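Me: Hey, I'm opening this one for the first time. Can you walk me through it?

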Amino acid sequence: MKQYLLKLFIGITCYLFVAESTWALKVFQCVNANNEVSFSGQPCGEGETLVKEHDIQSEVNIIGSTPTQTSPQSSSASVVSTSANGEENTEGATISPSGGGGSASGGGGGGGGGASAGGGATAGRSAVSGSSGDSASSEDNGDLGSPDNTGPDNAVDGGYAVDSTSTGDSGSTTESGTGASESVGASTSAGSAGVSGSSSDTSSPVSTTTDASSGDSGAPADSSAGTTETPAGTHHVVSSETTSSTTTVTPTEATATPPVTVTTTVTTSPPPPPEPPPVSSPPPPPPPPPPPPPPPPTAGKPFITDISGTLFNGEILTINGGNFSEKERDKPLFFWSADEGGPDGKSPSSNGYKTAWGSGAGVPGERTQEIVAPGSEYAIRADFGASDNTSILGRVDFDSDRVYFWRKSLDAFDASKAAILRIRFTGLSGPLPIPGQVIKGVESGATGIVASVKSTGPGKGDIIFKPEGGTINYTPRILMIGNPDPSKAELISSYENDGSDNPTGSPIATMKGGADGWGTFVSFNNKIWRLWSDFGTSYRHNTYIAFAFVNQFGTTSALTNEYGDPTSFYIENWTNKLQQKPFEWTIQEVLHQSSTIGEKNGLTQFIQDGIPAWGLKEKTFDHFALSTPAKRYSQLFQFQVSNGAQPNTWRYMDSLYVDDTWHRVILCSSPTFASCSDREIQLPTFWIDAKIQVKIRLGGLDIDGPIYLYVFDAENNTSEGFKVN
């Protein structure tokens with residue numbers, strides 16, 4: 001029987017090796033007179049009897065036999081055979097028409113071929129474009145070949161494996177497997193099936209599923225050959241659907257060899273089921289809705305869309321928006337601060353258009369660090385008691401119908417105590433009074449303590465009284481009586497001081513007091529700002545605010561228009577009756593628009609720490625009531641005290657900003673401008689209708705607190721506050 005099977009397999013082997021190139025469609029099984037069976041692609045010869053004529057193509061569908069066919073069904077196969085008695089074949093050579101198992105899909109690489117006892121199998125190549133397996137020796141595993149290491153050109157689109165025991169593992173669809181060589185008996189090794197690669201063309205999908213008689217499905221990293229026993233005398237072609245046909249080869253009765261049944265199983269892959277819809281993950285949450293657009297700006301009102309830059313002193317901040325209105329010059333007309341005023345603190349800053357004070361104007365006083373504003377290093381201070389008509393800062397010249405200015409200062413005095421108390425005397429008899437002595441009126445009984453004496457000629461002069469001591473500092477005051485007729489002026493005398501500001505002993509000297517008509521003169525004529533026309537004109541028009549003005553009748557404030565209408569606008573008529581804030585850094589602003597000559601259309605507004613004294617258009621003024629044409633205002637003065645003040649009446653000045661337009665940018669800590677009490681002016685460096693750039697001045701603002709920015713146009717319309725930190 002073994003001899004018969006050996007001949008059978010040798011015949012098939014020879015036929016298949018020949019058929020590799022010729023690929024005959026029929027196999028003739030013949031038996032001769034010696035009962036020897038042979039297989040041939042040619043009809044039986046003389047002396048041979050035809051046993052069966054096999055149609056190979058109809059019985060066996062070889063893997064990859066139709067590489068270019070595209071149809072709903074593609075075939076893949078592996079062939080497995082065992083000996084007729086079910087034992088392992090240890091003598092016959094393994095039949096390998098090609099190397100490793102191939103794949104019908106385009107990208108699959110062929111597996112390494114199983115080796116036979118007599119030598120390595122021919123390397124197979126991939127079905128369409130994959131790489132082929134290398135030839136394997138009888139003891140080594142066959143590696144996958146590369147595109148440059150293909151099998152014979154006549155290999156048919158990838159091989160199939162025939163083994164005496166089992167097929168190798170079916171490779172994964174994404175990696176190339178390595179054929180495993182396993183020695184079976186003396187001469188047989190198990191080759192693994194080729195690994196199916198990924199497809200890159202349009203060939204039909206091929207199943208890599210195995211049945212119970214094939215090797216296990218290989219994992220990507222597992223290329224070992226499966227070994228499964230198969231029923232005797234059977235060849236299986238493994239796939240997902242199986243149809244079988246059985247052919248029995250019956251030798252002549254003279255032989256003792258039992259008949260051999262060859263079962264050919266052809267398996268065809270059904271069309272792959274439709275791919276299930278992709279598992280949908282929960283839809284991502286919708287993006288957050290965009291922020292609502294800013295409310296449409298009021299027609300003509302400035303609005304801010306965004307701000308960029310660093311909120312730090314000296315840095316440039318860019319403001320984008322609209323309705324800022326055009327500004328003639330980017331910079332303000334004038335800016336001064338004690339910090340930027342050069343070595344002595346008195347020079348104007350280059351951050352303003354004008355870099356010099358008005359002609360002939362200086363800055364009295366001195367630079368100091370004794371008292372400075374928050375955020376600053378220096379201040380300029382001056383003593384109003386040092387001379388009459390002292391102006392703490394020089395003159396600023398302008399040429400415009402409109403002016404806006406902002407400044408920060410501190411009064412180191414109480415106005416009610418700063419008022420100069422003075423009496424002019426004549427007809428002195430006796431020595432000149434000296435400081436500390438008590439002066440007493442004979443008729444009024446009023447008393448005052450001498451602060452200083454100034455001689456104005458023989459027997460006459462001025463006595464300055466101290467702001468404390470004596471009845472002239474009572475509330476209400478008891479004053480010495482004056483009279484324009486010197487003969488009727490009150491007689492006054494000087495006495496020693498008893499230590500409690502009372503006169504003691506006999507009079508030291510006598511004199512007539514108040515011959516000018518005033519008697520005890522009480523004055524603190526504190527003009528905190530003043531606008532003048534050019535000096536030398538027939539009528540020196542001017543407007544000023546006398547703030548905390550003190551006279552013998554008390555303390556008051558007023559906006560005064562000399563030669564205008566109304567002449568004075570007193571504090572009693574202000575909406576907010578602003579008062580002096582002694583020993584506090586205070587921010588004051590003024591907006592002014594000159595009137596047309598002869599018309600009551602002038603505007604002036606005074607603001608202190610964010611509080612306006614009245615509404616800008618609440619009160620109109622005729623600054624030029626006279627019919628005689630006069631030049632418009634062109635000079636600005638700061639803090640002028642007329643007629644003197646008490647010694648050591650110090651005022652400290654931090655900064656001054658002047659512009660001949662109402663355009664401006666302000667920072668403060670409040671989200672509403674009406675409640676901004678800490679307004680810090682910014683220094684514009686670029687200005688057009690939709691874009692502004694400013695140099696930052698934080699001043700006393702807290703960088704860690706909220707800060708809001710406001711833009712004003714030429715008509716004093718303001719934007720909403722824009723938070724910048």
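Predicted model: local features only at pLDDT ≥ 70, side-chain atom pairs only at ≥ 80, totals over all residues.

Me: Ok, how many disulfides does the structure hold?

Reply: Two. Cys 30 and Cys 44 form one of them, with sulfur atoms 1.7 Å apart. Cys 668 and Cys 676 also form a disulfide, and there the sulfur atoms are 1.8 Å apart.

Me: Which hand does the link of Cys 30 and Cys 44 have?

Reply: Left-handed, with -90 degrees about the S-S bond. Cys 30 sits in strand β1 (residues 26-31) and Cys 44 in the loop between β2 (37-40) and β3 (49-55), so this pair ties together parts that are 14 residues apart in sequence. Helices (H or I, at least four residues) and strands (E, at least two) are DSSP runs, numbered from the N terminus.

Me: Is Cys 30 buried or exposed?

Reply: Buried, at a relative accessible area of 2%. Cys 44 is partly exposed, at 21%. The cut-offs are under 20% relative accessible area for buried, over 50% for exposed, and partly exposed in between (1.4 Å probe, protein chains only).

Me: And what about Cys 668?

Reply: Cys 668 is buried, with a relative accessible area of 0%.

Me: Switching topic: which residues have the most contacts inside the largest nonpolar core?

Reply: They are Trp 336, Phe 524, Trp 529, Phe 606, Leu 656 and Val 658, in a core of 60 residues. The largest share of that core, five residues, comes from β24. There is also a second, separate core of 19 residues, which includes Cys 676, Leu 683, Tyr 708 and Phe 712. By nonpolar core I mean a set of buried Ala, Val, Leu, Ile, Met, Phe, Trp, Tyr and Cys residues joined through side-chain atoms within 4.5 Å.

Me: What does Val 658 touch?

Reply: Not counting residues up to four places away in sequence, Val 658 touches Pro 332, Leu 333, Phe 334, Val 396, Val 403, Tyr 404, Phe 405 and Leu 636. Contact here means heavy atoms within 4.5 Å.

Me: Where is Thr 520?

Reply: Thr 520 is in the loop between β23 (503-513) and β24 (521-532). At 1% relative accessibility, Thr 520 counts as buried. Its side chain reaches the backbone nitrogen of Met 480 at 2.9 Å. Leaving aside neighbours within four places in sequence, Thr 520 is in contact with Arg 422, Ile 423, Ile 472, Leu 479 and Met 480.

Me: Now the backbone. Which residues does a cis peptide bond join?

Reply: Thr 475 and Pro 476 are joined by a cis peptide bond, with omega about -5 degrees. Pro 476 lies in the loop between β21 (460-465) and β22 (490-497). A cis peptide bond also joins Asp 565 and Pro 566, with omega about 0 degrees. You'll find Pro 566 in the loop between β26 (554-562) and β27 (568-570).

Me: Which residue has a positive phi although it is not a glycine?

Reply: Asp 501 does, at about 65 degrees. Asp 501 lies in the loop between β22 and β23, and is partly exposed at 30% relative accessibility. Asn 648 is not a glycine either, and has a positive phi of about 65 degrees. Asn 648 is in the loop between β32 (635-642) and β33 (650-659), and is exposed, with a relative accessible area of 52%.

Me: Last one, the whole chain. How many helices and strands does the chain have?

Reply: Three helices and 39 strands. Of the 725 residues in the chain, 49% count as buried. Among contacts between residues at least 6 apart in sequence, 66% join residues at least 24 apart.

Definitions and conventions. Residues numbered from 1 in each chain as written. Heavy atoms only, no water. Disulfide = S-S within 2.5 Å. Polar contact = N/O pair within 3.5 Å; in protein donor to acceptor, adjacent residues only side chain to side chain.
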